[in-house]
Amino acid sequence: MIYGRTWWGKRWLRTLEALGLQYPDNRMSKGRTLVNKDAVDLLHVEPGELSAWVDEPRKSFGVSMQLPVFTSGQWHAFEEVMVSRLRNLAELMDDMLPTNIDRQLEPTGLALFPSGDELTVRCPCSDRSRSCVHVIAMVHGFATEFDDDPFLLPYLRGRDRDALLSGIRDARPAISAATVHDASIPIGSLPYTEFFDGAQGLDSMAWASN
C-alpha cells in the first residue's frame, strides 16, 4: 500500500517526526504492516481528536491524538488567507488543499498541520514514547483517508467541509483586486461574481459532506 499519494498525505506523515520519530526506525515497518493487515479499526475523526483501535494478536490498543481546534478569530484569519488567492479557491474547488497552505498562513501565526508541541498522544502499550507502533499505525491509517478527503484535517481543527466552505463564501465581500496576488491566474478571465455566484461559484458546487 502506498501512503501519502498526495502532497497533503505526505505532509501528514511528517507528523511522526513532530512526535520525535527518527529514521531509520523498525517501528515504521511494523506500523505499516498493521495497517496493511487491516488492524486499524474504528478510525474516528472529530474536532480536536483522532482515535482508533489497533489490533495485535493478543490485544487491541485504543490510541488517540489530541490537537487544538481553531478559535472563531483564527478561522476568520484562515478565510482571509484563502480568499486572497484565486489559486486557493480553484484548488478547493478541485477537492485539494491549497498548495503551501501553511506557508501562506505563517503571517497569521497559524498552521493547519500540527506541530509536536500541539499534540497529545495516548496509547496504553509499554512503549512510553509518543511514536509507538500503534500511533504509527493510526497515523498511516489516517493518511489513507486523508489522501482521499483533504477536508479531514480542517475538521480535526474544528470545521467540517460545509462550515469551512461556507466561511470562505461569506468572506467574499472582503475580496478586491488589490488583495489578490496570484498572477498565475488572470483576474480578468475569472470575475469574482461568476466565481462565487455563477456556474463556477461555491454556491453551485456539490461540496456537501460525504
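These legends describe close-up views of a predicted model. Local features need pLDDT of at least 70, side-chain atom pairs count only at pLDDT 80 or more, and totals for chains, interfaces and linings use all residues. Residues are numbered from 1 along each chain as its sequence is written, and side-chain values use heavy atoms, without hydrogens and water.

**View 1. The largest pocket.** Its volume is about 160 Å³. A pocket is an open set of points on a 1 Å grid over the protein atoms alone, with protein on both sides within 12 Å along at least five of seven lines. Lining residues have an atom within 4 Å of a point. Grid points are joined across faces, edges and corners, and a volume is the space filled by probe spheres set on the points. The lining consists of W7, R11, R14, N100, I101, D102, R103, E106 and F113. Both α1 (7–13) and α6 (101–105) supply at least two lining residues. The largest share, 3 residues, comes from α6. Helices are DSSP runs of H or I with at least four residues, strands are runs of E with at least two, and both are numbered from the N terminus. By class, the pocket lining has 3 nonpolar, 1 polar and 5 charged residues. Ala, Val, Leu, Ile, Met, Phe, Trp, Tyr, Cys and Pro count as nonpolar, Asp, Glu, Lys and Arg as charged, and the others, Gly among them, as polar.

**View 2. The largest cavity.** The structure holds 1 cavity of 30 Å³ or more. A cavity is a set of grid points where a 1.4 Å probe fits but cannot get out. About 40 Å³ of space lies in the largest cavity. F78, M82, L92, L97, P98, I101, L112, P154, L164 and I168 line the largest cavity. Two or more of the lining residues come from each of α4 (72–83) and α9 (161–170). The lining has 10 nonpolar, no polar and no charged residues.

**View 3. α4 against α9.** These helices pack at about 65°, with axes 9 Å apart. Axes are lines fitted to C-alpha atoms, for helices over the stretch in contact, and angles run from 0 to 180 degrees between N-to-C directions. α4 is therefore roughly perpendicular to α9, a label for angles of 65 to 115 degrees. W75, F78, E79, M82 and V83 of α4 meet L164, G167 and I168 of α9. Contact means heavy atoms within 4.5 Å. This contact divides into 6 nonpolar, 1 polar and 1 charged residues.

**View 4. α4 against α5.** Helix α5 spans residues 86–93 and packs on α4 at about 100°, with the axes 6 Å apart. The two are therefore roughly perpendicular. V81, M82 and V83 of α4 touch N88, L89 and L92 of α5. The contact has 5 nonpolar, 1 polar and no charged residues.

**View 5. α3 against α7.** The axes of α3 (residues 26–36) and α7 (residues 133–148) come within 8 Å and cross at roughly 55°. R27, M28, K30, G31, R32, L34 and V35 of α3 meet V133, I136, A137, H140 and G141 of α7. By class, that contact has 6 nonpolar, 3 polar and 3 charged residues.

View 6. A cis peptide bond joins Y23 and P24, with omega about -5°. P24 sits in the loop between α2 (15–18) and α3. D38 is in the loop between α3 and β1 (40–46). Phi of D38 is near 60°, a positive value in a residue other than glycine. Most residues other than glycine have a negative phi, and most peptide bonds are trans.

Technical notes:
Angles under 35 degrees count as roughly parallel, over 145 as roughly antiparallel, 65 to 115 as roughly perpendicular and the rest as oblique.
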